[in-house]
Amino acid sequence: MSQHRRPPAVRFPLTEHRAPAVALFLALLGGVAVLLLWRWQQDFRAAELRIVWWAAWLWLAATALMGWRWWHALARGWLLWTGEHWLLRTAGDAASLQDAPRWQCRLTLDWQFAVLLRLEPVAAVTSATSLSAARSPRPRWVWAQRTASPAAWQGLRQALVWSQQQQGKVALSPELSA
């Protein structure tokens, strides 16, 4: 695809998927297995080892809690590529498309059948009077799978690749860094 030609507009549904939760659960299960094997192999008569043992369990529990919160914070709704910028529409959005915050989309993980995206708010918002512009949105994580909309998947991937190439051009542009 030509670098000068923008991909067409795409509207992709973001539904709840179990794959990230399963991956987090398997990582947690691996951590539990390692701790249990360590306990089985060690003699815990020394107080230092018991402290490390309980600290490792606390760390594992905190990691599990953060993973659960991250999975529940994944964006659900619609990811829209307008042909110029990215928009995120969630179920509770009342703002119009003109007042909606624009996002910079970074492709974090690409498995061909699913992508993990990090959306970061663009600094310039068109309308300062809108509710969404009054408070700056936080960066969001998005998990998109082909099964959510097989017909729109190719268009989404084309828009993602094109926008990644454009971000790279802007970041590497010598005129902007001088």
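A charge is taken to sit over a ring if NZ of Lys or CZ of Arg is within 6 Å of the ring centre and within 35 degrees of the ring normal. In this predicted model, local features need pLDDT of at least 70 and side-chain atom pairs count only at pLDDT 80 or more, whereas totals for chains, interfaces and linings use all residues. Residues are numbered from 1 along each chain as its sequence is written, and side-chain values use heavy atoms, with hydrogens and water left out.

R11 lies over the face of W78, at 4.0 Å from the ring centre. The charged end of R76 is placed over the ring of W71, at 5.7 Å from its centre.

Rings of Phe, Tyr and Trp (its six-membered ring) pair if their centres lie within 6.5 Å; planes under 30 degrees apart count as stacked, over 60 as edge-to-face and the rest as tilted. The protein has nine aromatic pairs by this rule. Two of them are tabulated.

| Pair | Centre distance | Plane angle | Class |
|---|---|---|---|
| W38 and W53 | 6.0 Å | 45° | tilted |
| W111 and W143 | 5.9 Å | 85° | edge-to-face |

W38 belongs to helix 1 (residues 19-41) and W53 to helix 2 (residues 47-73), so their pair ties together parts that are 15 residues apart in sequence. Helices (H or I, at least four residues) and strands (E, at least two) are DSSP runs, numbered from the N terminus. W38, W53, W54 and W57 form one aromatic cluster.

W111 lies in the loop between strand 4 (102-110) and strand 5 (114-121), and W143 in strand 6 (residues 140-145), so this pair ties together parts that are 32 residues apart in sequence.
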